[in-house]
Amino acid sequence: MYSIGGFMLSECRHLDLIDKLADLAKITLSDEEKLNLCRDIVRIAEYLRAVGEAARDLNVDPLYYVWDKWGFLRDYNRDRFIIISNLPTKVKDGYVIVPWRGGKIEEG
Amino acid sequence: MIGLEIHVQMSEAGSKLFCDCKANYRGMKPNTNVCPVCLGLPGALPVVNKRSIELALLAAVAFKCNIPKYIVFTRKHYFYPDLPKNYQISMYEKAGGIPICRGGYVKYLDVNSWEWRECRIRRINIEEDPGRTVYEEGGIVRSPYALVDYNRSGVPLLEVITEPDINSPREARTLVEYILLTLEYLGITNPRLEGVFRVDANISIEGGERVEVKNIGSTMDIEKALNYEIMRQAMIINSGSKVERETRHWDAEKGVTRPLRHKEYEEEYLYFPDPDLPPILISEDMVTKAKEIVLGFDIAILYENILKLGVPRDIAWSIVTIKPSLDVYIKTVKLGADPLVAAKILGIDYKGELKERNMDLYEYNNWPPPETVYELVRLVVDKIYTYDTVKGLLIPKIAENPKVDVRSILPEKAENIEDIIDSVIREEEKAVKDYLSGKKQALNYLIGMVIRRVGKRAVDPRVIREALENKLSKLKSSM
Amino acid sequence: MRKAKQSWELVEDFMNGIEDPVEHIYKVLDSINRWESMVNAYISLESPDILVEKAEEISRRIRRGERVGRLVGLIVSVKDNICTSFLPTTAASKILDPYIPPYDATVVERLLREDAIIVGKTNLDEFAMGSTTELSSFGPTRNPWDLDRVPGGSSGGSAASLSYGGADLSLGSDTGGSARLPAAYTATVGLKPTYGLVSRYGLIPYGNSLEQISPMARSVKDVALLLDIIGGFDPLDATSLNVDSLNTFNSIKADARDLKICILKEMVEGADSPIDSMFWKIIEKLESEGANIEYYSLPILSKALPTYYTIAFAEAASNLARYAGIFYPTKGSSSSWEEYIGESRFKGFGREVKRRIMLGVYALSEGYRDEYYVAATKVRRVIRDEIVKLTSKCIIASQVSPILPPRLGERIGDPLKLYYMDMYTVVANLAGVPALAQPIGFHEDLPIGIQWIGGPLEESKLISIGLLIEDITGLGGVIVD
């Protein structure tokens with residue numbers, strides 16, 4: 001488990017946390033970027049801790065949908081088919097093609 | 001101890017779970033059944049379709065579930081090419097999700113022992129299917145590119161999770177077949193569509209660790225894969241080692257399970273309730289309606305009703321497993337036909353005829369209307385034709401054209417068989433001699449020869465046998 | 001500064017032949033030519049030829065006596081996180097540059113149905129994540145009132161386009177104050193509707209349990225006109241409320257003697273003194289005219305800002321997971337799947353966006369979920385209950401911004417400094433209730449605004465009080481010269 005404490009000034013002792021978050025978020029970070037983000041993220045996470053503390057004394061359910069109403073169920077509305085080759089995506093024989101292990105896609 | 005996770009597409013739901021694209025995409029060219037919602041384009045929003053919920057509710061009622069007052073969808077995040085939003089909308093209880101079924105059971109028929117067994121259901125979730133990824137040379141391990149077809153993305157899935165109450169691979173197969181049949185009868189899915197269901201199995205033997213086997217795509221493979229696993233695990237135990245807890249992949253082609261790549265850490269899916277989808281109320285009204293429908297399509301009741309008519313178990317079950325044949329059967333019996341004869345025709349011989357001709361057993365149009373079957377039954381019961389005649393001459397003609405008017409295809413009855421019998425006796429000297437010298441089997445040969453000469457006309461073999469026996473004994477006494 | 005004719009009056013003049021839609025579009029294009037190179041309110045503009053053609057067509061139809069829509073001839077700018085199939089929609093991000101949606105947002109369809117002329121897509125902080133419109137990958141937008149200062153964010157482009165006359169009406173979006181803060185900084189009017197009143201189908205999501213597409217204009221009555229058109233049930237949005245038709249446009253100006261106003265300590269203290277004095281001046285004026293003012297304190301509101309950001313970060317992380325270089329333009333050059341998407345997202349997202357995504361991942365991950373995300377949803381429930389209870393008795397008067405419009409670069413160096421700008425606005429998003437921001441004065445030529453918060457679906461009440469304030473301040477229709 002990763003613990004967050006204090007405000008780091010020039011270096012960041014939580015680089016492995018940053019690595020884990022970047023991996024989960026699937027964003028490849030440069031080393032410089034990692035350091036920049038590390039400082040800020042640690043500070044902001046610390047700031048957000050106030051919420052956890054405030055919630056401890058509250059005896060309520062979480063609120064996920066702001067109105068206590070039921071969602072509606074829908075009947076068929078209208079066809080909204082789209083043509084996939086109109087999107088900025090590479091297509092081969094009708095399939096969307098992405099690099100998997102070794103294939104290259106030109107940028108653009 | 002075996003537990004199953006069965007994913008079944010609600011192929012008969014009409015549209016996908018959250019948009020108006022088609023729920024059954026087979027036969028469509030790749031990426032032609034897509035819209036902003038099922039492609040997860042920015043700004044597109046999911047809205048739950050009524051039909052999917054109604055159908056899922058039928059399943060929950062059929063499996064005697066604890067049905068919640070409302071259901072909640074959650075997001076499950078992971079990155080994969082076939083998951084356009086890089087999250088799947090499903091129902092994860094530990095993060096605030098609420099599934100359509102929170103515990104129930106299936107009572108299913110074990111067709112080997114004809115006993116009813118029970119298997120508890122832990123949960124039934126509704127979720128969306130991802131798209132389909134195809135790999136080029138090198139397969140999933142080495143293909144340079146991945147090719148994705150999103151026609152399937154967003155198709156509504158029922159995920160049925162059982163408790164590990166199953167005791168053998170055969171039972172597992174039977175259970176899944178029963179569940180699929182139930183869902184078929186409820187109008188939720190068509191089990192014969194390609195890829196419409198897949199099964200993940202959890203198996204542990206002798207109190208050892210649990211192994212998960214993924215990617216089982218047919219009921220036959222359920223048995224094969226589990227038998228393989230039992231054998232593999234037994235070998236490990238016999239050699240003195242312990243079975244590891246792991247996830248394995250069933251390779252249907254090679255008939256083996258393979259280990260999947262080992263993850264360094266637990267999967268982190270960042271579950272939380274989907275903010276775009278408020279909870280959906282499952283009203284008492286909806287449940288009552290569902291209960292009515294389920295009662296009308298309960299295969300256990302339908303099966304029992306046929307048994308009550310005196311029909312043997314295997315024939316009764318044969319009728320039930322093919323919905324069109326059950327429909328025709330019930331109506332035929334309602335018209336007043338003899339239930340046993342009707343059962344034999346539909347459950348055995350007509351079905352066999354379709355099979356021989358490689359015709360689709362599940363296609364309604366391949367079965368004759370109840371009036372036709374009623375007529376066939378009447379012909380037999382009133383002794384106008386023998387059952388064999390009906391089976392041999394009429395059933396094939398009907399299979400060719402199920403809508404045909406029976407009266408137009410009635411075979412000519414062979415009236416004058418005396419002459420034919422006489423000529424056969426005259427010509428088949430050796431057989432006659434054999435019979436008269438005591439070889440009783442020669443009579444069958446002679447009967448055969450008479451039938452052959454009678455041709456396409458209807459004749460009762462017993463009548464021929466009687467006549468031959470008479471004539472031959474007269475011959476004997478005159479010798 | 002001068003006052004421009006209000007848009008609803010313009011429509012009447014078009015219909016009566018007093019004004020000509022073609023002349024009008026030329027005027028607007030003229031303003032755009034004069035201001036755009038300095039202000040940068042727009043990311044993309046429709047071609048002038050097409051715009052003039054549309055205006056000509058409208059002119060013809062009016063002269064022929066044909067039925068025309070309620071927004072006929074009005075020039076509308078649309079924030080670039082709202083999907084248009086006829087103009088690129090980028091959310092001010094490289095990862096969507098260029099991206100042309102294959103469909104129109106529901107609100108855009110409704111605008112077009114009422115014969116509005118959509119002139120272009122306005123600049124915003126990338127993915128609406130910001131409070132100054134400096135975090136756009138297309139460069140910052142500047143405040144027409146003072147080009148060294150920000151117009152607020154994230155709907156800064158929309159607000160700026162209105163305040164220099166580059167549009168008559170605008171669609172912004174408001175997740176934590178993104179339509180109200182820019183309104184306060186540019187002396188325009190912004191309304192965040194009740195959650196679910198306006199369809200989000202076609203709004204590129206950031207905090208989807210918090211945000212609403214927001215009508216923005218130079219006057220209160222114009223905002224009401226726009227709201228009535230875009231609001232109402234949409235079967236394509238499951239969070240859309242079952243409201244058939246709206247008529248906030250005909251709301252009657254409030255009488256001070258009928259007003260019950262409440263002021264929450266936490267929603268007014270902490271602002272710079274020029275803002276503070278202007279706020280109290282208005283309150284005193286209302287009180288002197290007979291309004292009933294009551295004072296309350298809700299200590300839980302001190303947790304509103306971190307609560308909001310926790311939820312917003314979590315939802316952002318989820319909503320932005322889809323941008324992985326498959327359907328969207330920015331692609332990596334790697335040839336292995338994980339690296340390819342990692343690179344796409346690294347190149348495509350700005351730093352603030354990356355920060356928020358990673359914090360969102362943190363707040364949702366196993367072991368932290370309860371302490372961060374779930375905790376925030378619990379505090380949110382308490383805030384919502386309190387605010388809904390309070391607004392059933394009175395309208396809440398509040399500050400919009402603790403500071404005057406800052407200079408470019410002042411707030412974006414430190415994320416927490418940036419977040420503090422939202423301290424008064426996030427409450428309405430957490431509670432789902434409607435909130436209106438309108439100008440009440442200037443301090444050294446910099447606009448100052450006030451915020452009114454009502455109960456669920458009480459937009460008419462907000463319009464009523466807005467009209468009264470406009471009467472008092474005389475600032476309806478104000479525009480930079």
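Strand 5 of chain C and its surroundings

Six bridges join strand 5 of chain C to strand 7 (residues 212–217) of chain C, and the two run antiparallel. Strands here are DSSP runs of E with at least two residues, helices are runs of H or I with at least four residues, and both are numbered from the N terminus. Two strands pair if DSSP finds at least two bridges between them.

This is a predicted model, in which local features need pLDDT of at least 70, side-chain atom pairs count only at pLDDT 80 or more, and totals for chains, interfaces and linings use all residues. Residues are numbered from 1 along each chain as its sequence is written, while chains are lettered from A and ligands numbered from 1 in the order in which they are written.

Stay with strand 5 of chain C. In strand 7 of chain C, C:L169 has C:A217 as its bridge partner. C:S170 is bridged to C:M216 of strand 7 of chain C. Strand 3 (residues 75–79) of chain C also pairs with strand 5 of chain C, in the parallel sense and over three bridges. There, C:S77 has C:S170 as its bridge partner. Strands of a sheet pair through backbone hydrogen bonds, either parallel or antiparallel.

Strand 5 (residues 169–174) of chain C is mostly covered, with six of its six residues buried. A residue is buried if 20 or more other C-beta atoms lie within 10 Å of its own, exposed if 12 or fewer, and partly exposed in between, with C-beta atoms placed from the backbone. In a regular strand the side chains alternate between the two faces of the sheet. In strand 5 of chain C, C:L169, C:L171 and C:S173 point one way. C:S170, C:G172 and C:D174 point the other way, and all are buried.

Now widen the view to the sheet. In chain C, an open sheet of 11 strands has the order 2-4-3-5-7-6-11-12-10-8-9, with mixed pairing. Its edge strands are strand 2 (42–45) and strand 9 (292–296) of chain C, and each pairs on one side only. From one strand to the next, the twist averages 30°. Axes for such angles are lines fitted to C-alpha atoms, for helices over the stretch in contact, and angles run from 0 to 180 degrees between N-to-C directions.

A loop of chain C gives a contrasting setting. C:E444 sits in the loop between strand 11 (435–443) and strand 12 (446–453) of chain C. C:E444 is exposed because it has 7 other C-beta atoms within 10 Å. The C-alpha atoms of C:E444 and C:A291 are separated by 29 Å, and these residues lie 153 residues apart along the chain.

Next, the neighbours of chain C. Between chain B and chain C, 26 residues of chain B are in contact with 32 residues of chain C. Contact means that the C-beta atoms of two residues, placed from the backbone, lie within 7 Å. The side of chain B that touches chain C divides into 18 nonpolar, four polar and four charged residues. Ala, Val, Leu, Ile, Met, Phe, Trp, Tyr, Cys and Pro count as nonpolar, Asp, Glu, Lys and Arg as charged, and the others, Gly among them, as polar.

Chain A has two helices and two strands. Along the sequence, they follow the pattern α-α-β-β. Of the 108 residues in chain A, 32% are buried. The contact between chain A and chain C takes 52 residues from chain A and 56 residues from chain C. Helix 2 of chain A gives the largest share of the side of chain A that touches chain C, 14 residues. By class, that side has 34 nonpolar, nine polar and nine charged residues.

Chain B has its own divisions. Its domain assignment gives domain 1 (2–203 + 263–284), domain 2 (298–409) and domain 3 (417–477). Such bounds come from an automatic or database domain assignment. Taken over C-alpha atoms, the centres of domain 1 and domain 2 of chain B are separated by 35 Å. Their contact takes nine residues from domain 1 of chain B and seven residues from domain 2 of chain B.

Finally, the interior. A nonpolar core is a set of buried Ala, Val, Leu, Ile, Met, Phe, Trp, Tyr and Cys residues joined through C-beta atoms within 7 Å. Of the 283 residues in the largest nonpolar core, B:A59, B:A60, B:A201 and C:V76 touch the most other members. A second, separate core of 43 residues includes B:L394, B:L446, B:A458 and B:I464.
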